[in-house]
Amino acid sequence: MGVRQRVGSKFKDEIEFLKGWKRDRTAVGAITPTSVVTARKMASVIDSSSGLPVLELGPGTGVITKQILALGVRPKDLVSVEYSPEFCRHLRQEFPEVDVRCGDAFALDLVLGPERGAKFDCVISAVPLLHLPPDKRLSLILDLLERVPNERPVVQITYGLLSPVVALPAGYEVRHLAFMMRNIPPAQLWTYRKRR
């Protein structure tokens, strides 16, 4: 393998990410792919013994997808919803056994089709919420919490100081999971849960 091929292989995710960022800067919420350390922390909330599939939103180039699979989630038990058709093509090539759906996280019933009533162990989201009005952020989080059992988390990455959803109705909670310095830019991870 030549030097050019080795470099291309090593930076494949970054190259795909930059192409996607150049095409649509508002749909891509960061300036670089999520770091492996951050992706691993996000995936750490998965209960692989639950027997339920995992829902991933905004997988981009698949950095978080790799960490979800590394935890032992079977590819057929991972549903990854990506808005960008280019990223969808890349994900299907990289993860041919993962259920990659090209569509809008804000229209999940449509994207999931016959599986719209399915329960997931958790939701791992990299949807860029800070670009959206607060009521739209809240409606997405509440929708996602209906798709997981009570007490199971929705994990959200963000690049702001505060949670993208600050106030949840009674019976719901938001918690800070981690501040990830080893990410460009540094990221905050938040979890949302519906209590029993």
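Which residue follows H4 and has a positive phi? Gly72 follows H4, and the phi of Gly72 is near 105 degrees.

## The model and its overall plan

This is a predicted model, in which local features need pLDDT of at least 70, side-chain atom pairs count only at pLDDT 80 or more, and totals for chains, interfaces and linings use all residues. Residues are numbered from 1 along each chain as its sequence is written, and side-chain values use heavy atoms, with hydrogens and water left out.

The chain has 7 helices and 7 strands. Helices (H or I, at least four residues) and strands (E, at least two) are DSSP runs, numbered from the N terminus. From that terminus, the order is α-α-α-β-α-β-α-β-α-β-α-β-β-β.

Of the 196 residues, 46% count as buried. Buried means under 20% relative accessible area, exposed means over 50%, and partly exposed lies in between (1.4 Å probe, protein chains only). Contact means heavy atoms within 4.5 Å. Among contacts with a separation of 6 or more, 66% join residues 24 or more positions apart.

## Helix H3 against helix H4

Two packed helices are described by the angle between their axes and the distance between the axes. Helix H3 covers residues 36-43 and helix H4 covers residues 63-70. Their axes come within 8 Å and cross at roughly 50 degrees. The axes are lines fitted to C-alpha atoms, for helices over the stretch in contact, and angles run from 0 to 180 degrees between N-to-C directions. H3 and H4 are therefore oblique to each other. Angles under 35 degrees count as roughly parallel, over 145 as roughly antiparallel, 65 to 115 as roughly perpendicular, and the rest as oblique. H3 passes H4 in a right-handed crossing.

H3 brings Val36, Ala39, Arg40, Met42 and Ala43 to the contact. H4 brings Val63, Ile64, Gln67 and Ile68. These residues divide into 7 nonpolar, 1 polar and 1 charged. Here Ala, Val, Leu, Ile, Met, Phe, Trp, Tyr, Cys and Pro count as nonpolar, Asp, Glu, Lys and Arg as charged, and the others, Gly among them, as polar. The buried residues of H4 are Val63, Ile64, Thr65, Gln67 and Ile68.

Helix H5 spans residues 85-94. Phe87, Cys88, His90 and Leu91 are buried there. They cover an arc of only 165 degrees around the axis, which puts them on the same side of H5. The arc is that of the directions from the helix axis to the C-beta atoms. On the other side, Arg89 and Gln93 are exposed.

Arg92 also lies in H5. Arg92 counts as partly exposed, at 41% relative accessibility. Beyond its neighbours within four places in sequence, Arg92 is in contact with Val100, Arg101 and Cys102. Arg92 and Gly62 are 30 residues apart in sequence, and their C-alpha atoms are 9.9 Å apart.

Phe95 sits in the loop between H5 and strand S3 (99-102). Phe95 counts as buried, at 9% relative accessibility. Not counting residues up to four places away in sequence, Phe95 touches Thr61, Gly62, Thr65, Lys66 and Leu69.

Glu97 lies in the loop between H5 and S3. Glu97 counts as exposed, at 61% relative accessibility. Leaving aside neighbours within four places, Glu97 is in contact with Pro75 and Lys76.

## Trp190 in strand S7

Trp190 is found in strand S7 (residues 187-194). Trp190 is buried, with a relative accessible area of 12%. Trp190 and Met42 are 148 residues apart in sequence, yet 9.2 Å apart from C-alpha to C-alpha.

## Backbone exceptions

Most residues other than glycine have a negative phi, and most peptide bonds are trans. Glu151 has a positive phi, near 80 degrees. Glu151 lies in the loop between helix H7 (134-145) and strand S5 (154-158). Glu151 counts as partly exposed, at 30% relative accessibility.

The peptide bond from Ile184 to Pro185 is cis, with omega near -10 degrees. Pro185 is in the loop between strand S6 (172-180) and S7.

Methods:
Left-handed = near helix turned anticlockwise from the far one by under 90°.
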